[in-house]
Amino acid sequence: VLVTSSLVAVRGLVRSMHANFGFEAENAMLADTSLSMAGYSGDRVLGIQRRMIDAVKPIPGVKSVGLISVIPLGGGGATEDVFTDQTTDLKRSNAAAHVQEFKVSPEYFDAAETSLLTGRSFSWDDDKDAPRVAVINRLFAVRVFGSVSNAMGRYYKREDGTRVQVVGIAEDGKYYQLTEDPRPAMFLPFLQSPSNMTCLVVRSDRDPQQLAPEIRSRVRELDPSLPLNIQTWTQGL
């Protein structure tokens, strides 16, 4: 019985490892830092995050660089209740879905190779002065709006009552752990929802052993006090 149970568990793990994560870990590096430990807060956070992206993008062999608050399958991340646009009493029992939340930069979906089923990604114009927007995953679209086609361009409400327009719909993925059931998720522009939590996703065709020192050097040139953990995305799984 024990042997049979072990074989079933191993087969399940193998299937999970070959499942679609909603991102491509191969050929991607993660550069994770804690801005709060380096003394960044308020408006300085967005400034150093943008500078980090701009510093790493010119490295030879780098194809795209994105930023995310917490990397999927990184063992963390925020969750939030969301409501239909028609809901006025925003109590938990009236929520349309409980969703995983990520804050990302405009090029994150390219760097993560997360496919958009329809709509657009974010741009640098999706800042604090622009209308609030989101990219949601397919399950969010189905659960809150009934279908992917019904969700595009529609609005939903966050816990604080903010109305958010859906501008893109991404493929479903794994967000917290490999064995989780499918869950709805929303991606918000980091310029509209700032976060001290910062992880760069660097997509390249370079050998990771050669790329890591260059990433570290470019970031340290901006601020030597920034703590930095660099690894391949496959190592981070």
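Analyst: Buried means under 20% relative accessible area, exposed means over 50%, and partly exposed lies in between, using a 1.4 Å probe and protein chains only. This is a predicted model: local features need pLDDT of at least 70, side-chain atom pairs count only at pLDDT 80 or more, and totals for chains, interfaces and linings use all residues. Residues are numbered from 1 along each chain as its sequence is written, and side-chain values use heavy atoms, leaving out hydrogens and water.

User: How many helices and strands does the protein chain have?
Analyst: Both are DSSP runs numbered from the N terminus: helices are H or I with at least four residues, strands are E with at least two. For the protein chain, the count is 7 helices and 11 strands.

User: What is the radius of gyration of the protein chain?
Analyst: The radius is taken over C-alpha atoms, and the globule rule is 2.2 Å times the number of residues to the power 0.38. For 237 residues the rule gives 18 Å, and the chain's value is close to that, so the chain is as compact as a globular protein of that length. The radius of gyration is 19 Å.

User: What share of the residues in the protein chain is buried?
Analyst: The C-alpha atoms fill a box of roughly 60 × 50 × 30 Å along the principal axes. Of the 237 residues, the buried share is 46%.

User: How many degrees lie between the planes of Phe-102 and Phe-187?
Analyst: Rings of Phe, Tyr and Trp (its six-membered ring) pair if their centres lie within 6.5 Å; planes under 30 degrees apart are stacked, over 60 edge-to-face, and the rest tilted. The structure holds 11 such aromatic pairs. Phe-102 and Phe-187 are 5.4 Å apart, centre to centre, and they are stacked, with an angle of 20 degrees.

User: What is the distance between the end C-alpha atoms of helix H2?
Analyst: The expected span of a helix is 1.5 Å times one less than its number of residues. Helix H2 (residues 43-56) has 14 residues and should span 20 Å. The end-to-end distance agrees, at 21 Å.

User: How wide an arc do the buried residues of H2 cover around the axis?
Analyst: The buried residues are Val-45, Ile-48, Gln-49, Met-52, Ile-53, Ala-55 and Val-56. They lie on the same side of H2. The arc follows the directions from the helix axis to the C-beta atoms, and it is only 165 degrees.

User: Which helix do the buried residues of H2 pack against?
Analyst: Contact means heavy atoms within 4.5 Å. The partners include strand S1 (28-34), strand S2 (62-68) and strand S10 (197-204). The helix partner is H6 (208-222).

User: What is the C-alpha separation of Met-186 and Phe-140?
Analyst: Met-186 is in strand S9 and is buried, with a relative accessible area of 0%. Among the residues Met-186 touches are Val-99, Phe-102 and Phe-140. Met-186 and Phe-140 are 46 residues apart along the chain, yet their C-alpha separation is 7.6 Å.

Methods. Lists of a residue's contacts leave out its neighbours within four places in sequence.
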